[in-house]
Amino acid sequence: MTQNKTAGNGNDTQYLGLLSKLFPTIAEASTEIINLEAIMHLPKGTEHFLADIHGENEAFQHVLKNASGNIKRKVNELFGNSLRESEKKELCTLIYYPEQKIELIKTSEPELEDWYHITIHQLVRVCRDVSSKYTRSKVRKSLPTDFSYIIEELLHEHADDTNKTAYVNVIVDTIISTGRADDFIIALCNVIQRLAIDQLHILGDIYDRGPGAHIIMDTMQRYHSWDIQWGNHDILWMGACAGNDACICNVLRLSLRYANLATLEEGYGINMVPLATFAMDTYGDDPCEEFMPKLNKESTVDDKTTRLIAQMHKAISIIQFKVEAQVYARNPEWGMDKRNLLSCIDQERGVCVIDGHEYQMKSNNFPTVDPTSPYALTNEEDALMKRLHHSFAVSEKLHRHIKTMLSHGGMYAIYNSNLLFHASVPLNADGTLKEVLLADGNTYSGKQLMYQTEMTIRSAFTADSTPAERAKATDYFLYLWCGKNSPLFDKSKMATFERYFLKDKDTYKEEKGYYFKLRDNEAICDRILDAFDVSGENRHIINGHVPVHASKGENPIKAGGRLMVIDGGFSEAYHNETGIAGYTLVYHSRGFQLVQHEPFTSAADAIKQGTDIKSTTQIVEMSAHRMLVADTDRGLELKAQIVDLKKLLYAYRHGILKERRQ
């Protein structure tokens with residue numbers, strides 16, 4: 001009787017009327033219920049977590065292709081001792097890099113037709129295994145148009161079925177005889193890569209340090225299902241795209257610091273010639289030693305170019321300090337005026353006076369800084385800044401990539417009882433949630449802080465924001481980058497000026513906020529999870545941002561398993577510091593696996609020699625039973641849909657609604 005009342009009330013009847021347009025008959029509604037009930041009993045799809053990629057596109061692409069070792073695990077399970085280790089390695093490399101590997105094989109394989117036969121059958125087995133978690137409908141949508149029917153037939157027929165042996169063999173023979181074997185193998189490999197991972201989570205920092213952030217973003221625009229929780233470096237580029245000149249300066253400074261101009265020039269068409277010309281004119285006689293770029297060991301940058309980069313690095317850094325001071329002056333409520341240190345320099349004595357303490361300078365050449373008005377741009381600096389601003393404003397590709405990041409991202413996300421964010425949830429000393437002032441003049445903490453911060457970010461790009469709201473939001477990107485209470489920074493200060501100019505290394509210290517000090521406490525993590533309404537018996541916080549120093553014995557699993565830190569460590573700049581190339585996380589139907597990676601050599605080595613990233617897998621948490629779709633957030637959605645469809649059936653059968661027969 002309860003169902004009758006529910007099905008009969010006005011609002012519910014109106015909703016069911018809309019639902020009936022999708023399922024106009026009892027038969028169609030019943031079929032959908034059967035379909036949804038069946039889906040809930042499929043194994044949970046595999047989730048892949050990465051963080052802090054920092055422009056290292058080759059390492060990122062490889063981890064994406066091998067699914068943090070998930071494909072290799074599948075190959076080992078399927079072929080066991082029936083293939084030699086070298087053969088399994090070759091098969092994996094083919095799956096990761098099919099186009100390039102086929103070209104190599106064709107130059108060395110004397111029995112190419114036999115190789116085609118064997119390889120296609122092997123790939124079909126792997127594809128059948130990775131597709132077994134999904135409905136035929138979902139698999140069909142993942143197949144390339146050219147080979148959709150053929151792949152689907154091979155996935156659901158077996159050569160060991162005597163009635164179908166000839167049928168399957170003729171399909172393979174014909175693929176080869178018609179000259180489509182290469183294309184078919186490439187298509188199969190791409191399907192395997194796609195189906196190996198159901199959902200990709202990127203926990204921030206695609207940008208800076210490495211050379212290929214734009215290549216990574218191109219990849220993400222084509223990727224089937226992903227989300228991102230914005231990192232501080234992503235926010236910096238978003239701010240630059242929105243027109244924040246301080247963010248533009250920081251983006252340029254970091255690119256020059258790591259001698260990485262590829263993303264700026266080749267990726268986004270940012271014209272660096274005006275900055276180079278200004279730097280040579282202004283700092284031509286300056287050794288700029290403290291601004292020498294950090295070059296990796298494979299760098300081919302010559303001495304002349306290195307010196308020019310150092311001059312450009314110094315030029316944009318001085319402009320940055322001036323522009324930042326102007327933003328801080330417009331926003332006194334941030335309390336950032338103590339970061340204005342150009343006015344603390346005594347150029348005559350070569351010291352910097354901070355809070356009454358004198359610090360010796362490393363260098364003392366500031367030709368564009370007027371001691372009487374240290375934060376005023378010179379005419380040349382002002383003209384340069386306008387040209388740089390224009391370059392960012394007209395970069396169509398940059399704006400397209402940032403739009404993609406906005407459409408797929410946010411400050412935090414909750415997936416299957418896991419709270420994902422890049423860096424921090426600001427806390428007080430006692431572990432309570434800290435109130436933080438936002439651009440709208442109000443204070444927020446915890447979940448509301450994250451949500452309102454995201455709304456502020458979005459308002460910088462939305463047409464319905466007022467000019468004043470957009471200006472305030474655009475300024476706020478700088479606070480998110482380096483503000484003391486920013487959930488993307490959460491440190492006492494960003495000591496950029498001190499590291500460049502002061503000899504006393506004690507001034508470089510950036511004290512971490514209380515989140516980083518308290519996050520190994522299980523009760524604190526539970527308090528954060530409660531604040532974000534994360535439920536579930538096995539709930540976790542997953543974030544990145546701070547590299548895990550494995551070489552010093554630091555454990556990425558904290559708070560009794562409540563929190564996992566997966567700073568990817570992709571950036572080569574961190575390898576000596578951490579001792580590894582970071583972590584990724586895989587969450588499949590049997591539980592969590594944390595994968596520790598050694599540094600990636602190159603895609604060329606992977607293709608030619610079959611080298612893979614050497615990885616160590618650590619079981620974090622295994623489920624007592626194999627998790628099904630019913631155990632996930634998607635399962636809850638499907639259960640709710642089934643309830644609605646059953647109400648629709650009731651309405652049809654009791655005359656509340658009429659079937660819409662053709």
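Visitor: Which residues gather in a patch of negative charge on the surface?

Guide: This is a predicted model. In it, Glu 111, Glu 113, Asp 114 and Asp 173 form that patch. One member, Glu 111, sits in the loop between helix 7 (98-108) and helix 8 (112-131).

Visitor: How many aromatic pairs does a search of the whole structure find?

Guide: The search finds 19.

Visitor: Why is the pair of Phe 147 and Phe 184 called edge-to-face?

Guide: The ring planes stand at 80 degrees, with the centres 5.2 Å apart. Centres within 6.5 Å make a pair, and planes over 60 degrees apart make it edge-to-face.

Visitor: What makes Phe 147 count as buried?

Guide: Its relative accessibility is 6%. Buried means under 20%, so Phe 147 qualifies. Phe 184, at 0%, is buried by that cut-off too.

Visitor: Why is the pair of Trp 334 and Tyr 479 tilted?

Guide: The planes are 55 degrees apart, and the centres 5.5 Å. Stacked needs under 30 degrees and edge-to-face over 60, so this pair is tilted. Trp 334 is in the loop between helix 18 (303-330) and strand 4 (345-346), while Tyr 479 is in helix 22 (residues 467-482). Both Trp 334 and Tyr 479 are buried.

Visitor: What links Phe 291, Phe 321, Phe 366, Phe 497, Tyr 500 and Phe 501 into a cluster?

Guide: Ring pairs link these residues.

Note on methods
Residues numbered from 1 in each chain as written. Predicted model: local features only at pLDDT ≥ 70, side-chain atom pairs only at ≥ 80, totals over all residues. Heavy atoms only, no water. Patch = residues over 30% accessible without salt bridge, like charges linked within 9 Å, V, L, I, M, F, W, Y side chains within 5 Å. Areas by Shrake-Rupley, 256 points an atom, 1.4 Å probe, with all protein chains shown as cover. Salt bridge = Lys/Arg side-chain N within 4 Å of Asp/Glu carboxyl O. Lys, Arg positive; Asp, Glu negative; His and termini not counted. Charge placed at Lys NZ, Arg CZ, Asp CG, Glu CD. Helix = DSSP H or I, 4+ residues; strand = E, 2+ residues; numbered from the N terminus. Phe/Tyr/Trp six-rings, centres within 6.5 Å; stacked < 30°, edge-to-face > 60°. Buried < 20%, exposed > 50% of the residue type's maximum accessible area, 1.4 Å probe, protein only.
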